[in-house]
Amino acid sequence: MSERPRLTVLSGPSGVGKSTVVAHMRKEHPEVWLSVSATTRRPRPGEKHGVHYFFVTDEEMDKLIANGELLEWAEFAGNRYGTPRAAVLERLEAGEPVLLEIDLQGARQVRESMADAQLVFLAPPSWEELVRRLTGRGTEAPEVIERRLDAAKVELAAEPEFDLTLVNTSVEDVARELLALVDVV
Ligand code: ADP
Ligand code: 5GP
């Protein structure tokens with residue numbers, strides 16, 4: 001029997017390198033489909049609407065939630081984020097693998113609603129290195145970094161809930177491992 005394409009969730013603390021790893025993988029394998037989330041967060045420099053996120057207002061997010069248009073959603077460090085349901089289901093029905101890059105609360109919701117999803121945790125080599133990366137990215141104000149580091153402690157403690165862990169020491173190595181897990185043919 002051929003295996004059904006699966007939904008893969010990539011989670012891990014803010015600043016661990018999720019976006020970097022996924023971007024590296026998709027540069028060489030653009031066929032890997034990544035869900036574009038809706039968020040109430042403001043765009044960072046260089047982020048494009050419809051590419052990195054759908055940047056929405058609070059009212060628009062309220063509506064997406066009320067209309068059941070999100071597969072999962074969560075509040076993270078003062079903003080709301082959610083996965084548009086229809087696009088994900090279309091891909092899965094078309095037989096294509098799906099990758100979600102979402103936070104711990106979202107990963108838990110996906111585990112509840114899609115039993116065969118595979119949950120991958122991206123871990124930092126050390127706490128100090130996580131702080132260095134998050135600070136070094138230079139995209140958040142100090143108080144936002146503090147909120148994200150508070151959330152990171154909770155996320156790191158939840159690692160055993162995941163099916164497997166990849167440690168982000170080398171972007172190239174992790175991108176290769178993730179590609180194998182997503183199982184793109
Ligand atoms: P996330 O998407 O998990 O919040 P990012 O992909 O934005 O994290 O990465 C946070 C910072 O860490 C970025 O400045 C990125 O260049 C850097 N980074 C990512 N992976 C590595 C790595 N393996 N080694 C060193 N720096 C990394
Ligand atoms: P950032 O603001 O750094 O882009 O993302 C903050 C956190 O929100 C990250 O952990 C990221 O994975 C998560 N995130 C992004 N999109 C979604 C989503 O659609 N749902 C959930 N639950 N989390 C998301």
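Which side chains are joined by a polar contact of 2.8 Å? In this predicted model, the side chains of Ser-14 and Arg-148 are joined in this way, a polar contact being a pair of N or O atoms within 3.5 Å, where within protein one must be able to donate a hydrogen and the other to accept it, and residues adjacent in sequence count only if both atoms are side-chain atoms. Local features need pLDDT of at least 70 and side-chain atom pairs count only at pLDDT 80 or more, while totals for chains, interfaces and linings use all residues; side-chain values use heavy atoms, with hydrogens and water left out. Residues are numbered from 1 along each chain as its sequence is written, and chains are lettered from A and ligands numbered from 1 in the order in which they are written.

Ser-14 is located in the loop between β1 and α1 (helices, H or I, of at least four residues and strands, E, of at least two are DSSP runs numbered from the N terminus). Ser-14 counts as buried because its relative accessibility is 6% (buried means under 20% relative accessible area, exposed over 50%, partly exposed in between, with a 1.4 Å probe and protein chains only). Leaving aside neighbours within four places in sequence, Ser-14 is in contact with Phe-76, Leu-130, Leu-134, Arg-137 and Arg-148, contact meaning heavy atoms within 4.5 Å. Pro-13 is found in the loop between β1 (7-11) and α1 (18-28) and counts as buried, at 0% relative accessibility. With neighbours within four places in sequence left aside, the contacts of Pro-13 include Lys-18, Phe-121 and Glu-155.

An unreviewed UniProt entry places the feature "binding site" at Gly-12, Pro-13, Ser-14, Gly-15, Val-16, Gly-17, Lys-18 and Ser-19; such annotations may be inferred rather than shown by experiment. Of these residues, Gly-12, Pro-13, Ser-14, Gly-15, Val-16, Gly-17, Lys-18 and Ser-19 are included in the lining of the largest pocket.

Ligand 1 is surrounded by 13 residues, of which Gly-15, Lys-18, Ser-19, Thr-20 and Arg-137 are the closest (a residue is near a molecule if one of its heavy atoms lies within 4 Å of it). An oxygen atom of ligand 1 lies 3.0 Å from a backbone N or O atom of Gly-17. A polar backbone atom of Lys-18 is 2.8 Å from an oxygen atom of ligand 1, and an N or O atom in the side chain of Ser-19 is 2.8 Å from an oxygen atom of ligand 1. Ligand 1 taken alone exposes 570 Å², and the protein buries 75% of that.

Around ligand 2 there are 16 residues, and Ser-37, Arg-41, Tyr-53, Glu-72 and Tyr-81 come nearest. A polar side-chain atom of Ser-37 is 2.7 Å from an oxygen atom of ligand 2, and an N or O atom in the side chain of Tyr-53 is 2.6 Å from an oxygen atom of ligand 2. A nitrogen atom of ligand 2 lies 2.7 Å from an N or O atom in the side chain of Glu-72. On its own, ligand 2 has 510 Å² of accessible area, and the protein covers 97% of this (areas come from the Shrake-Rupley method with a 1.4 Å probe).

Asn-168 lies in the loop between β8 (164-167) and α7 (171-182). The side chain of Asn-168 reaches the backbone oxygen of Val-16 at 2.7 Å, and Asn-168 counts as buried, at 3% relative accessibility.

Technical notes:
1 Å grid on protein atoms, 1.4 Å probe; cavity = no way out; pocket = protein on both sides within 12 Å on 5 of 7 lines; lining within 4 Å.
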